[in-house]
Amino acid sequence: MKLKEKIEKLIVEAVLELNKDIKKSELHSPNKETKLYGGNATLDSLSLVGLIVDVEERISDELDMDIVLADERAMSRTSSPFRTVETLANYIEELINKD
Amino acid sequence: MSKIILLTGSSKGIGKYLVEHFLDSGHIVIGCSRGESAIINDNYTHFTLDVTSEKDVISMVRGVKKVHGRIDVLINNAGVASMNHLITTPSATAKKVMDINFFGTFLLIREVSKVMMKQKYGRIVNFTTVASAFRLEGEAIYAASKAAVENLTQTTSNELAIFGITVNAIGPAPVETDLIKAVPKNKINALLERQAIKRFGSFEDVKNVIEFYMDDKSDFITGQIIYLGGVYK
């Protein structure tokens, strides 16, 4: 499996885990197009924080890489890297490659 | 009940005293400082690092999570003081003091609260100083860095309350440690005179407030700054 696919898989697992708490119908079967944050997306800022913490931990545990998903654009509704599963995966791949 | 405690600045002074006390009380302690630690105990792990290094702090916190599974208490004790007139303070000194006292505290809170959020429990204790409350001349940069810590304490207490995490701060009165050894005696005496209770603070005084914040029964205590010796803003 390519790195990008592994990352998307980890994000999807984290979304499913988060959705056990927040129970949003839009997040029942997440895929790379699933909207996460910004615009008419599903997560509020608090849920986004929970997702970020879980994704960082999964990347650390399963890929053995310590990354920090902190970004000036995090809370932006238009340019946030957390808009969809795919934009988040792209962002994480960028961070990993930068290291 | 045994707690997992992470304490910065653990190799000397108040930090070393607190580590030894918590170990004697049956807790598991993880400490860090720029130098090695002389403490040898099966329940103590030491990391040699600089609290301003994001990479090292992340690596330590994630390492602790992997070994112990949780972190119950974070004590941000690491700090440096600087006594100087504003006019004769080098900019490099100002940046270094802000870096260690404020940025280091921020980094530790950010990373440890990620662990605490998942366990829906945590106690964070930061260190400020009576010099901040006094607006103490000769300590402009040190006091300003601690004022930043106080504001960070109160704002993060708002942000983290929903996760069962409390964030408080203690502001010791002068305690006879390395931090104040270079301060002239007459300056220290003048400072003690401004306190309601005119004596040096002790390590026991500091421990007492920290244990109050750490107590499971203190789950309704957050965003508070306690100065020792009867000092207030």
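This is a predicted model: local features need pLDDT of at least 70, side-chain atom pairs count only at pLDDT 80 or more; totals for chains, interfaces and linings use all residues.

**Helix 3 against helix 5 in chain B**

Next I looked up the geometry. Helix 3 covers residues 91-119 of chain B and helix 5 covers residues 140-160 of chain B. Their axes lie 9 Å apart, at an angle of about 15 degrees. Angles under 35 degrees count as roughly parallel, so helix 3 of chain B and helix 5 of chain B are roughly parallel to each other. I noted their crossing as right-handed.

**Helix 2 against helix 3 in chain B**

Helix 3 of chain B also packs with helix 2 (residues 54-68) of chain B, so I turned to that pair. Here the angle is about 25 degrees and the axes are 10 Å apart. That makes helix 2 of chain B roughly parallel to helix 3 of chain B. I wrote down a right-handed crossing for this pair.

Which residues make the contact? Helix 2 of chain B brings B:Glu54, B:Val57, B:Ile58, B:Val61 and B:Lys65. Helix 3 of chain B brings B:Leu107, B:Leu108, B:Glu111, B:Val112 and B:Val115. My tally for this contact came to seven nonpolar, no polar and three charged residues.

**Chain B as a whole**

I then stepped back from the pairs. I counted seven helices and seven strands in chain B. Read from the N terminus, the order is β-α-β-β-α-β-α-β-α-α-β-α-α-β. The radius of gyration of chain B is 17 Å, close to the 17 Å that the globule rule gives for 233 residues, so chain B is as compact as a globular protein of that length. Along its principal axes, the C-alpha trace of chain B spans about 50 × 35 × 35 Å.

**Over to chain A**

Chain A has three helices and zero strands, and its elements run α-α-α from the N terminus on. Its radius of gyration is 12 Å, close to the 13 Å that the globule rule gives for 99 residues, so chain A is as compact as a globular protein of that length. The box filled by its C-alpha atoms is roughly 35 × 25 × 20 Å, taken along the principal axes.

The mean pLDDT of chain A is 91, and 99% of its residues reach 70 or more. Confidence is highest in helix 1 (residues 3-22) of chain A, at 96, and lowest in helix 3 (residues 85-98) of chain A, at a mean of 93.

How do helix 1 of chain A and helix 2 of chain A pack, and at what angle? Helix 2 covers residues 45-63 of chain A, and the two axes are 9 Å apart at about 135 degrees. Helix 1 of chain A and helix 2 of chain A are therefore oblique to each other. Their crossing is right-handed. Among the contact residues are A:Leu10 and A:Ile11 of helix 1 of chain A, and A:Leu51 and A:Val55 of helix 2 of chain A. By class, this contact has 10 nonpolar, two polar and six charged residues.

**Where the chains touch**

Last, I looked up how many residues join the two chains. Six residues of chain A are in contact with seven residues of chain B. The chain A side has three nonpolar, one polar and two charged residues.

Notes: Residues are numbered from 1 along each chain as its sequence is written. Chains are lettered from A and ligands numbered from 1 in the order in which they are written. pLDDT is the predictor's confidence in each residue, from 0 to 100. Helices (H or I, at least four residues) and strands (E, at least two) are DSSP runs, numbered from the N terminus. Axes are lines fitted to C-alpha atoms, for helices over the stretch in contact, and angles run from 0 to 180 degrees between N-to-C directions. Angles under 35 degrees count as roughly parallel, over 145 as roughly antiparallel, 65 to 115 as roughly perpendicular and the rest as oblique. A crossing is left-handed if the near helix is turned anticlockwise from the far one by less than a right angle, and right-handed if clockwise. Two residues are in contact if their C-beta atoms, placed from the backbone, lie within 7 Å. Ala, Val, Leu, Ile, Met, Phe, Trp, Tyr, Cys and Pro count as nonpolar, Asp, Glu, Lys and Arg as charged, and the others, Gly among them, as polar. The radius of gyration is taken over C-alpha atoms; the globule rule is 2.2 Å times the number of residues to the power 0.38.
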